[in-house]
Every structure is written in C-alpha cells, then in structure tokens.
Amino acid sequence: MNKIKFLTAVAITCLGINGCTNLANSNANNEGQKVELLNVSYDVSRDFYKEYNELFIDHYRKPHPNITLSIKQSHGGSSKQAMSVANGLQADVVTMNQNSDINLLVNKNLVDQNWQEKLPNQSVPYTSATVLLVRAGNPKNIQDWSDLTREGIEIVIPNPKTSGNGRYAFLGAYGYGLHTFGNDESKTDAFMQQLLANVSVFDHGARAATTTFTQRGIGDVLITPENEASHIVHALRPGEFEVVYPSYTVATENPVAVVDAVVDKKQTQEVAKSYLAQLYQDDAQRLAAKFYLRPSSPQILAEYQDRFPALTTFIVSDVFGNWDEVMSQFFADGAKFDALAKH
C-alpha cells in the first residue's frame, strides 16, 4: 500500500475587510444600521458565495436603502467548519454539503431541529455529484470507479474524517461497489480496500485536494464534486484536465440553515432568513449554474442543460440510511472507513 499522507491546514479562510472577528450586534429590523452576516461554508463553495453575496446585497439594498450590509465568508473542510460554529464561531448562516454537519449544530442547540422544513427542497437550494478529474488526454484511461483499483493508479481525495466531500467520495465508490456486486458487502469491502490502497494523499478538504492535484502535480485522478471539477476544467486550468463521469455515483446535497442562537443574539434574523431564501430565486439559481452547481429549479436546470450531462446517481439516505447512521457506520473512529483504509 502506498504511504498515505494526511495533510493539515488552517480550516477557516475569511474574506472581507475585517475578516471574521468583531462582528457587531446589529439589528436588521432598524433602519440606519450597519449589519454584518457571517456565512460559514464548506471549502469549494467560496467562488459561488463570493458572487452571490454581491448579488444579495444589491437585492437587499432596494427595500432597505438605509441599511449598510456586509457579508463575510468562512470556508474549510465541512466538519471542521461545523465544529468551529459549535465551539463559538458566530455564524449567522451555515451553507454545508451534508445534513450531519448541520445536525451537529442542532444537537448543540444552535440550529432549530426543524431547519429542513423552513426552505424548499428540504433546505437544499442546489446539488452536485461526485466525479473523477483526470489529466488532459486521460493518460491512464480512467473511465469508471473500477479503474481506480488498478495497480499503478494514484488517487487524491479529501479526507472523509474532516471533509463532507471526502465522505461523498467514499460513499460514491462504495455505492458503486454495492450496485456492481449485487449488494454483496464483502465484495464491496474488498473493492474499497483496493481503491483506498491507491490513495496517495488524503487532504483536509476538497479545495486543498484540488491544489495537491492541479498545482503540486500529485496523482492520476482527483475524486471531487462536479462543480469543482468543472471549475478547474473551464476556468482555473483550461486545457490541462478533463472530467470523467462515473456510470453510477452519489448526488451531493448542499443544505443551508440559519444559526438561530446567533441571529437571536445579534438580532439579524430577518436578513439571515432573506439571505438563504434568495438562493431559490431565479438569479441565484442561474448563478449556481454558472458555477456548475445543479439548480434545484427544474426550469433553470433545463436552461443550462448543456452544462450538466445526464448522470445515474443515488441519494445517500436511499442507500445507506440517514446521516447519523452513515457517520456511525462508516466514519466514526474505528468504523468501516478506518478499517478499510488500514489494509
């Protein structure tokens, strides 16, 4: 087995004039106020939210001309981000990539337990899917998950212990194994042992894995979300990489929620709720499509059909149960991921 490197880095990056500190207690319901929101999110969403924040500020300014609104961003591996909020980072909203990271905040009495009922589509404004990114010309002829078990293939993946996208990568491959081997768990485990033996780097998050693969030149294939892979191919490093769409893969849901305990204290409830609700409007849905996130609006998704090849996907809960069960079975210390990665 190749030696596995677990990379660590600072999990939080903040954009904005004043970073993530000194957030004022602002009342969004009073005119003549300066209001600051903090959106704590997973790492590969930063480009989308950088533009969305400007779009939302323009939208919000029209009915509230006397309110000066600024929005900060914090990005990193999703589980580390959720833990940062649980440990006191004053997020007004969280925009994550799996329910378990928000449910952690429910268990800490920071987010209302009915958060999924407060917005359409169970509070998922857009989705993605786990795909494979290879170097131009696909020199190792990687076509599907099964090719990742071949001798001589080097894989880069976010660490499932710290990254939601890392968990999706693992579950995408495991779901493919169950699908291929007729739900035979022992054969799927053997398949996953071979695949994980080819991992050369487990990075702390999806954007860090992108840097390892695209800038450091490590690995033959990067397992990553479709939106990140498409961003690399079309914007970041055109001509150097290409996307391989697996025959069967996992759909990645991207839930959002207001951090009720924080907005109640800061009195930013109204603007925080509006910030998330606006994600479902047509201009925001088109912006999501621009960044290769699959809009939840069927009409907007149809407008951008050329950006989104047809995929056969599964939902985590349909195959593995709810996220609490998934975390316990696969990603808790000593659970299946740890057992399979050791071989």
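Two salt bridges are found by the rule across the interface of domain 1 and domain 2.

Where do the two domains lie in the chain? Each is built from two stretches. Domain 1 takes residues 33–124 and 255–279. Domain 2 takes residues 128–252 and 311–341. Their C-alpha centres are 28 Å apart. Domain 1 brings 14 residues to the contact, and domain 2 brings 18 residues.

How much area is buried between domain 1 and domain 2? The figure is about 1,200 Å². Carbon and sulfur atoms give 45% of that area. On the domain 1 side, the residues that lose the most area to domain 2 are Val 44, Asn 97 and Gln 98. Together they make up 40% of what that side buries.

Next, the interior. Nonpolar side chains tend to be buried together in soluble globular proteins. Here the largest nonpolar core has 37 residues. Those with the most contacts inside this core are Trp 145, Leu 148, Ile 155, Phe 170, Leu 171, Leu 196 and Phe 320. Helix α5, residues 164–180, supplies the largest share of the core, with eight residues.

Leu 148 deserves a look of its own. Leave aside residues up to four places away in sequence, and Leu 148 touches Leu 132, Ile 142, Ile 153, Ile 155, Leu 195, Asn 198, Val 221 and Ile 223.

Now turn to Asn 39. This residue sits in strand β3, which runs over residues 34–42. Is Asn 39 buried or exposed? Its relative accessible area is 1%, so Asn 39 counts as buried, the cut-off being under 20%. Which residues is Asn 39 in contact with, beyond its neighbours within four places in sequence? They are Tyr 49, Lys 72, Gln 73, Ser 74, Val 93, Val 94, Thr 95 and Tyr 275.

Last comes confidence. The chain averages a pLDDT of 90, and 90% of the residues score at least 70. Residues 1–30 have a pLDDT below 50. This stretch still has 87 contacts in the model beyond near neighbours in sequence. Where pLDDT is low, predicted coordinates should not be read in detail.

Conventions:
Residues numbered from 1 in each chain as written. Predicted model: local features only at pLDDT ≥ 70, side-chain atom pairs only at ≥ 80, totals over all residues. Heavy atoms only, no water. Helix = DSSP H or I, 4+ residues; strand = E, 2+ residues; numbered from the N terminus. Buried < 20%, exposed > 50% of the residue type's maximum accessible area, 1.4 Å probe, protein only. Contact = heavy atoms within 4.5 Å. pLDDT = per-residue confidence, 0-100. Core = buried A, V, L, I, M, F, W, Y, C linked by side-chain atoms within 4.5 Å. Domains from an automatic or database assignment. Buried area = accessible area lost by both parts, 1.4 Å probe. Salt bridge = Lys/Arg side-chain N within 4 Å of Asp/Glu carboxyl O.
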